[in-house]
Amino acid sequence: METLKKVLLINAVSSAACGILLAVMPTKMAELFEVSQAWPFIATGIFLIVFADVVLYAFFRKSPGRGLIKSIIYLDISWVMISLLIVVLALFNLSTLGYLLISGVALWVALMAYLQNSGLKKMQLTQ
C-alpha cells in the first residue's frame with residue numbers, strides 16, 4: 001500500500017504541475033507546438049488539474065478503493081493511447097518538439113499506470 005500511495009502522490013504532483021503549466025502559459029505552449037490556437041492547452045491543463053485533484057483524493061484516503069485506483073489507471077492508459085494516436089498519425093500538424101513532448105509525457109504516464117497497477121495487485125494480495 002505504501003508504494004501505491006507514493007506513486008499516487010507522484011502522479012498527482014506531476015499531473016498538477018503539467019496542468020498548471022499548460023493553463024498558465026497556453027500561448028507559449030502553442031508557440032512550442034507551432035499551432036495557432038492556445039485553447040487546447042488551456043482545456044488540457046484544466047483536465048489535468050481536475051485529474052490531479054482526483055489522484056490526490058485517492059492518495060489522502062486511508063484505504064483508496066480498488067474502483068477509484070482502477071479509474072485512475074484507465075484514465076492514464078487512455079492518455080497514453082490518445083498520445084500514441086496523435087504521434088503515430090502525426091495529427092494536428094505539430095512541431096517535432098511538440099510530438100517529442102507528447103511522447104515523453106506519454107512514457108511518464110505509462111510508467112505511472114504500470115506502477116499503480118503493480119501497487120493495486122500487491123494491495124489485493126494483502127487483503
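1. The charged end of Lys5 sits over the ring of Phe59, 5.6 Å from its centre; the criterion is NZ of Lys or CZ of Arg within 6 Å of the ring centre and within 35 degrees of the ring normal. This is a predicted model, in which local features need pLDDT of at least 70 and side-chain atom pairs count only at pLDDT 80 or more, while totals for chains, interfaces and linings use all residues. Residues are numbered from 1 along each chain as its sequence is written, and side-chain values use heavy atoms, without hydrogens and water.

2. Phe59 counts as buried because its relative accessibility is 19%, whereas Phe60, at 62%, counts as exposed (buried is under 20% relative accessible area, exposed over 50%, partly exposed in between; 1.4 Å probe, protein chains only).

3. The whole structure contains four aromatic pairs (ring centres of Phe, Tyr and Trp, the last by its six-membered ring, within 6.5 Å; planes under 30 degrees apart are stacked, over 60 edge-to-face, the rest tilted). Phe59 and Phe60 form an edge-to-face pair, 5.0 Å centre to centre with 70° between the planes. Ring pairs also join Phe47, Phe51 and Trp79 into a cluster.

4. Helix H3 comprises residues 39-60 (helices are DSSP runs of H or I, at least four residues, and strands runs of E, at least two, numbered from the N terminus). Its buried residues are Phe41, Gly45, Leu48, Phe51, Ala52, Val55, Ala58 and Phe59. They cover an arc of only 135° around the axis, so they lie on the same side of H3 (the arc is that of the directions from the helix axis to the C-beta atoms). On the other side, Trp39 and Phe60 are exposed.

Definitions and conventions. The expected span of a helix is 1.5 Å times one less than its number of residues.
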